[in-house]
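Let's take a friendly walk through this structure, one residue or element at a time. Please have the viewer open as you read.

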Amino acid sequence: MVAVDNLSLQLYTVRFKLEEDFDATLARIAEIGYRKVEPFGVVGLADQLAEALPKYGLSAPTTHAGLLRDESGPIFEVAKKLGIGTVIDPYVDPARWQSADDILATAAALNEAAKVAADHGITVGYHNHHFELESVIDGVHGLEILADNLSDDVVLELDTYWAAVGGADVPALLGRLGDRVKALHIKDGDGTLNNKAQVAVGAGSIAVNDILKASPGTLRVVELDDFEGDIFDAVEGSFAYLTGEDVE
């Protein structure tokens with residue numbers, strides 16, 4: 001069973017609902033039982049988040065933001081105001097994962113961002129897609145090359161679904177990455193690049209229980225990139241599965 005206090009929802013999952021009615025969407029998330037969320041676009045959504053999070057008893061321990069693409073200062077300032085402790089860069093272009101030199105350059109950029117973040121009391125992290133695992137250089141996944149060259153101040157949020165799609169043995173990968181991983185994206189589906197085939201956690205082909213066992217204590221962040229049907233059905237189904245008795 002995943003404790004509610006250790007469970008979060010990436011708000012990108014409900015991005016279209018947020019566009020329709022931001023306040024009602026946060027209310028529904030809290031009604032389902034979530035107590036934590038992972039926002040995106042925090043600079044643009046700062047005022048709405050500042051109002052809605054406390055209103056519905058929600059907190060945001062992590063957020064996604066393009067630290068290596070956008071000016072980081074405003075991102076860190078907003079994160080601090082919202083009580084967000086970790087800012088995670090969610091995307092470095094796939095072309096930048098094809099050589100060790102490019103991966104080392106990304107590591108250096110994240111290390112520099114972490115120095116700036118520290119002045120704001122913020123931790124920096126990186127979140128993968130499939131291509132960081134598809135890239136294998138001298139027998140090592142690109143993401144692991146990155147991890148080996150990060151400063152101790154930079155953390156990882158492993159997207160377990162995309163890691164599996166990229167060809168990784170995810171429990172084994174988590175064992176190798178160890179304490180570097182502070183959060184997991186937990187999602188389920190058919191293990192392909194088809195976002196529409198993603199489903200509520202526990203309803204697909206991903207070995208979710210084995211993955212959770214391999215990384216005890218890390219924050220579990222539910223996410224769907226897309227879904228056939230009402231997204232709240234999947235959000236609610238994921239919560240029910242992860243907080244059920246049969247989940248480690």
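Asp148 is exposed, because its relative accessibility is 63% and the term applies over 50%. This residue belongs to helix α7, which covers residues 142-148. From Asp148 you can look across to Gly175: the two are 27 residues apart along the chain, and their C-alpha atoms are separated by 14 Å. Keep in mind throughout that this is a predicted model.

Now widen the view to the annotated region. The UniProt record, an unreviewed entry, lists residues 75-204 as "domain: Xylose isomerase-like TIM barrel". In the model, helix makes up 40% of the chain over residues 75-204 and strand 19%.

Next come the aromatic rings. How many aromatic pairs are there? The count comes to 5 aromatic pairs. One of them joins Trp97 and Tyr126, with 5.7 Å from centre to centre and 35° between the planes, and this pair is tilted. Trp97 sits in the loop between β4 (86-89) and α5 (100-118), while Tyr126 is part of strand β5 (residues 123-127), so the pair ties together parts that are 29 residues apart in sequence.

Another pair is formed by Tyr161 and Trp162. Their ring centres are 5.1 Å apart and their planes meet at 80°, so this pair is edge-to-face. Tyr161 is buried, with a relative accessible area of 0%, and Trp162 is buried too, with a value of 5%.

Arg15 lies over the face of Tyr12, at 3.8 Å from the ring centre. Likewise, Arg28 places its charged end over the ring of Phe232, 4.6 Å from the centre of that ring.

Finally, turn to a pair of helices. Helix α2 (residues 22-32) and helix α3 (residues 42-55) have axes that come within 10 Å and cross at roughly 35°. The crossing of α2 and α3 is right-handed. Which residues make the contact? On the α2 side they are Phe22, Asp23 and Leu26. On the α3 side, Leu45, Gln48, Leu49, Ala52, Leu53 and Lys55 take part.

Key:
Residues numbered from 1 in each chain as written. Predicted model: local features only at pLDDT ≥ 70, side-chain atom pairs only at ≥ 80, totals over all residues. Heavy atoms only, no water. UniProt positions renumbered as here; feature names shortened; annotations may be inferred. Helix = DSSP H or I, 4+ residues; strand = E, 2+ residues; numbered from the N terminus. Phe/Tyr/Trp six-rings, centres within 6.5 Å; stacked < 30°, edge-to-face > 60°. Buried < 20%, exposed > 50% of the residue type's maximum accessible area, 1.4 Å probe, protein only. Lys NZ or Arg CZ within 6 Å of the ring centre and 35° of its normal. Axes fitted to C-alpha atoms, helices over the stretch in contact; angles between N-to-C directions. Left-handed = near helix turned anticlockwise from the far one by under 90°. Contact = heavy atoms within 4.5 Å.
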